Each structure stands twice: as structure tokens, then as C-alpha cells.
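The following exercises concern one protein model. Please study the sequence and the structure before reading each solution.

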Amino acid sequence: MSYIQEFSALPEISFTGGWTLEKIQQQLESTYGSAMEAAGKNGVLSAADPVKLIIMGLSAISYQMIQLIDIKGKQNFLRYASGAYLDRKRKINRRLERLF
């Protein structure tokens, strides 16, 4: 019996709500713009604005963290477990067999 086909039929899961790098950057820029306008200043950022460059860097770091959260959360399920995580699951449940 092939469990690989059964695992591939399972629906995809996400622990992060489908955030993309662009979506994170837009959210940070929007939040910054709103805060600046509330303070009575111009909230529009030009392409070379140092604050925009900081936001771009922060967006990249945030996206990497979100991806790690998603990967680590998925590792708790057999469909996504691999490497050391899969070996640990096998030690916990002796009935599991590593196929490759």
C-alpha cells in the first residue's frame, strides 16, 4: 500500500495566512504612511527614501520569519515532515516506516 499517494491527496495547510513579501511591504508602508499623516507630515515614500529602504529590509526579514514559522508548523504533520523531524516522529511512533 502506497501512503505517498494518500498524503498527496491531502489538502495544503498554511500557518501564516498566505503572506507574501509584497503584501508585508505594502502593509508596513501603509502603516508608516498613516502614522506620518496622523502626525501632520507627508506619508508618501519615494523609491530612494531611507525609510523605504529600511521598510524593504524589514519586510524581507519578516517574510523569512513567516516562512520559518510555516515550515516548522508543517513539520508536525507526516505529510510535510522530513529529515530529522521525520526520524524523531519515527522514534515516538515505532509503527512508522521510513520509505526513503
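**Exercise 1.** In which helix is the place of Lys 52? Determine also whether Lys 52 is buried or exposed.

*Solution.* The model is predicted: local features need pLDDT of at least 70, side-chain atom pairs count only at pLDDT 80 or more, and totals for chains, interfaces and linings use all residues. Residues are numbered from 1 along each chain as its sequence is written, and side-chain values use heavy atoms, with hydrogens and water left out.

Step 1. Lys 52 has its place in helix α3; helices (H or I, at least four residues) and strands (E, at least two) are DSSP runs, numbered from the N terminus.

Step 2. Buried means under 20% relative accessible area, exposed over 50%, and partly exposed in between, with a 1.4 Å probe and protein chains only. Lys 52 has a relative accessible area of 17%, and therefore it is buried.

Step 3. Contact means heavy atoms within 4.5 Å. Not counting residues up to four places away in sequence, Lys 52 touches Gln 25, Glu 29, Leu 45, Ser 46 and Ala 47.

**Exercise 2.** Classify Thr 31 by its relative accessibility.

*Solution.* Step 1. Thr 31 is found in helix α2 (residues 21-38).

Step 1. Its relative accessibility is 44%, so Thr 31 counts as partly exposed.

Step 2. Thr 31 and Gly 43 are 12 residues apart along the chain, and their C-alpha atoms are separated by 9.4 Å.

**Exercise 3.** Which element has the lowest mean pLDDT, and which the highest?

*Solution.* Step 1. pLDDT is the predictor's confidence in each residue, from 0 to 100. The mean for the protein is 85, and 89% of its residues reach 70 or more.

Step 1. Helix α1 (residues 3-8) has the lowest mean pLDDT (73), and α2 the highest (95).
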